[in-house]
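Open the model in your viewer and keep the selection panel at hand.

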Amino acid sequence: MSAPGRSVAATVGALDVERLRRDFPALAQEVRGRRLVYLDNAATAHKPRAVLEAVQHHYACEYSNVHRGVHWLSERATEAYEGAREKVRAFLNAPDRREIVFVRGTTEAINLVAASWGGANLRPGDEVLVTEMEHHSNIVPWQLVCERTGAVLRVAPIDDDGNLLVEEFERLCGERTRIVAVTQLSNALGTINPVRRLVEIAHAHGALALVDGAQAAPHMPVDVQALGCDFYAFSGHKLYGPTGIGVLWARRELLEAMPPYQGGGEMIRQVTFEGSTWAPPPAKFEAGTPHIVGAIGLGAAIDYVRGVGLEAIARHERELLAYADEALAEVPGLRVIGRARERAGLVSFVFDDIHPHDVGTILDHEGVAVRAGHHCAMPVMQRYGVPATARASFALYNTREDIDALVAALHRVRSMFGR
Ligand code: PMP
């Protein structure tokens, strides 16, 4: 436990968290007369000034539509938008800028792959393999395309601690498996999956591998070439960037072979009433005016996290998680859901006799923002026999003092329920 009276933003690990916190204006506000303790980062993270300023600067000084204009402003906007694509490429260590498709977020990225690749390649009896810990956005798009094509969804189970049963995954990955779609980091349990190994298993069976990186991208360095996967998806807003922008990375030959997901301006080569032809990727998958400023803001967020250092962020959050595990173990009646061997970024918990929504509401009155619910992972809730959990999730700007505030508020929850 931290000593009373210490600074709000003590330096943990190698990060100068006190200094970093000053980059995030939202953190300086009070909520219900108390210091804001923001522990809902898995839902979305706050934005550093560098992102806010990039967005403001672009709208104020360089704003225009991209790709089509012949004028000065349109050239500036196109340079900035394409510059952001290059930043994403470097962030993922992707081989080629043309493999980066800007989308609305992880959800749209997975829907794009399921509809376009799945629609063109899945046949009756083919199989799509996911895990029991997936977010709805890595389940439902596959269910939709399975319905359309007659393919079958298979689910690899997890154990009581939230570890994926890799042998079961391997057993389920068979002759008919065409694609496996797995999360790198579970938003409900905090489990880090052995993605490299899962990709190897998929490829050994001739299947492709999609990685849902929505939670992983803000918490650990990502290298799509080292992972060996075929598709990688993440969202800007969880990575300290704007909402409404995200990324699908896919190997170029896949993008070239896949049919368009949406039709409209920008994605065509030629249009006649008899038929149309498509622009090469990524334009083929970016129909209509894109979220230009969102992409630029995401580029600024990537500059920011790379400046801080993803290794340092990961180390800092690992220490916070260890501290939280210890502190939460001292709260009577609290049960952590998800104790996988490899975890990061968050902790999910329940009191067996107090509903998580009540926990969340009381914590809010103490200025502590957590998420209470099924976290868009209803099958995980079913697996553990709980209606919902409360979840505290961390960002680079969280401190031990935030966790102390959480624990103090949890004691208050207990006392309000007469425990
Ligand atoms: N996958 C995981 C693991 C997530 O945590 C989330 C967001 N909660 C998503 C996918 C969907 O991301 P978005 O809502 O930004 O599209």
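Helices here are DSSP runs of H or I with at least four residues, numbered from the N terminus. The model is a predicted one.

**Stop 1: the ligand**

Select the ligand and the residues around it. The shell has 13 residues, and those that come nearest are T107, D212, Q215, S235 and K238. Colour the shell by class: one residue is nonpolar, 10 are polar and two are charged.

- D212 places a polar side-chain atom 2.5 Å from a nitrogen atom of the ligand.
- Q215 has a polar side-chain atom 2.7 Å from an oxygen atom of the ligand.
- K238 has an N or O atom in its side chain at 2.7 Å from a nitrogen atom of the ligand.

How much of the ligand does the protein bury? Taken alone, the ligand exposes 390 Å², and 85% of that is buried by the protein.

**Stop 2: the largest pocket**

The ligand takes up the space of the largest pocket. That pocket holds about 420 Å³ of space. Its lining counts 23 residues, with T107, H135, S235, H237 and K238 the closest to the pocket centre.

By class, the pocket lining splits into five nonpolar, 12 polar and six charged residues.

**Stop 3: the cavity**

The largest cavity has a volume of about 50 Å³. To see its lining, select N41, A45, Q215, P218, H219, K238, Y240, F394 and A395. Five of these lining residues are nonpolar, three are polar and one is charged.

**Stop 4: two backbone features**

Most residues other than glycine have a negative phi, and most peptide bonds are trans. The last two selections depart from this.

Select P281 and P282. The peptide bond that joins them is cis, with omega about 5°. P282 is placed in the loop between β12 (275-278) and α10 (292-308).

Then select N93. Its phi is positive, about 50°, although N93 is not a glycine. N93 lies in the loop between α3 (72-92) and β4 (100-103).

How values were computed: Residues numbered from 1 in each chain as written. Predicted model: local features only at pLDDT ≥ 70, side-chain atom pairs only at ≥ 80, totals over all residues. Heavy atoms only, no water. Near = heavy atom within 4 Å. Polar contact = N/O pair within 3.5 Å; in protein donor to acceptor, adjacent residues only side chain to side chain. Areas by Shrake-Rupley, 256 points an atom, 1.4 Å probe, with all protein chains shown as cover. 1 Å grid on protein atoms, 1.4 Å probe; cavity = no way out; pocket = protein on both sides within 12 Å on 5 of 7 lines; lining within 4 Å. Sits in = over half its atoms within 2 Å of the grid points. Nonpolar A, V, L, I, M, F, W, Y, C, P; charged D, E, K, R; others polar. Points joined across faces, edges and corners; volume = space filled by probe spheres on them. Helix = DSSP H or I, 4+ residues; strand = E, 2+ residues; numbered from the N terminus.
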